[in-house]
Amino acid sequence: MMRTFSDVKGLPIYEQTTGKAVGTIADIWFTSHGTVKGLVAERGGLFGRRRYLPISAVQSLQNDKVIIHDADSFQPFPSAESGHSLYGERGLAGSMVVAADGTTIGLLDDVYFDGQLGKIDGYEISEGFFSDLTEGKKRMEAVPFTAREGVITVETMM
C-alpha cells in the first residue's frame, strides 16, 4: 500500500514494552538514493526536542500509531552528510526539482513509500497552487538526486 510521508507525520509513537506514548513523528530521514534511514520524533514535555529514531527501531507502522521497542531506541542525529529530511532546518520540502538537462519539474512536496517505510518509491511534485487544484500533484518515480541550496537535481531527463 503506497502512502506519503504526510500520512505518517504527527502519528504518536508508543513503547511496546510499556504501552506509553513517547513522542510523535515529525520528519523522515532518507538518502539521495531513496533509502529511509530513520524518523525524526518530537518528544513532548517542557523542552520538547527532536530525536532521531533509526528505522531498525520501528517495530510496526500502523494507520494510527508507530510502535517502537522502548525509548532507549532514540539516538543522536546522524551527520547532515548522511541524509536528508523533508522539514528540518535544511529540509527538502518546497525545493525546486530540476532534471539533469536543466528542465524544471516542479517543487518537491512529499515522498511516497511502501507500507514498510524502508524505501522511498517516488516523489510528490507540485507545479503550484492553481495547477495542483486543476490537475492534481504529479507523482515521479524515485531516482537518485543531488541537493544543493534549495535545488534538487534528479538524474533523469524529462
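Reader: What makes β3 and β4 a pair in this model, and how do they run?

Author: The model is predicted. Six bridges join strand β3 (residues 21-30) to β4, and the two run antiparallel. Pairing takes at least two bridges. Six bridges are found here, so β3 and β4 count as paired.

Reader: Which residue of β4 stands opposite Thr24?

Author: Glu42 in β4 stands opposite Thr24.

Reader: How many residues lie between β3 and β4 in the hairpin?

Author: Five residues lie between the two strands of the hairpin. In the turn, Gly34 has a positive phi of about 85°.

Reader: How do you know that β4 also pairs with β5?

Author: Count the bridges again. β4 and strand β5 (residues 50-54) share five bridges, in the antiparallel sense. The requirement is at least two, so β4 and β5 pair. For one partner in β5, take Arg51, which bridges to Ala41.

Reader: Why is β4 called mostly covered?

Author: Strand β4 (residues 36-42) has seven residues, and five of them are buried. Buried means under 20% relative accessible area, so five of the seven fall below that limit.

Reader: Where does Glu15 lie, and is Glu15 buried or exposed?

Author: Glu15 lies in strand β2 (residues 12-15). Glu15 is buried.

Reader: Why is Glu15 said to have no salt bridge?

Author: Look at the distance. The nearest side chain of opposite charge, Lys20, is 4.4 Å away. A salt bridge needs the charged atoms within 4 Å.

Reader: Which residues does Glu15 touch?

Author: Leaving out residues up to four places away in sequence, Glu15 touches Lys20, Val22, Ile68, His69, Asp70 and Ala71.

Reader: Why is Leu107 called partly exposed?

Author: Leu107 has 32% relative accessibility. Buried is under 20% and exposed is over 50%. The value lies in between, so Leu107 counts as partly exposed. Leu107 is found in strand β10 (residues 104-113).

Reader: What makes the nonpolar surface patch that includes Leu107?

Author: Met96, Leu107 and Val151 make the patch, with about 190 Å² of area. Members need over 30% relative accessible area.

Reader: Which residues does Leu107 touch?

Author: Not counting residues up to four places away in sequence, Leu107 touches Gly94, Ser95, Met96, Val97, Glu124, Ile125 and Ser126.

Definitions and conventions:
Residues numbered from 1 in each chain as written. Predicted model: local features only at pLDDT ≥ 70, side-chain atom pairs only at ≥ 80, totals over all residues. Heavy atoms only, no water. Buried < 20%, exposed > 50% of the residue type's maximum accessible area, 1.4 Å probe, protein only. Helix = DSSP H or I, 4+ residues; strand = E, 2+ residues; numbered from the N terminus. Lys, Arg positive; Asp, Glu negative; His and termini not counted. Contact = heavy atoms within 4.5 Å. Patch = residues over 30% accessible without salt bridge, like charges linked within 9 Å, V, L, I, M, F, W, Y side chains within 5 Å. Areas by Shrake-Rupley, 256 points an atom, 1.4 Å probe, with all protein chains shown as cover.
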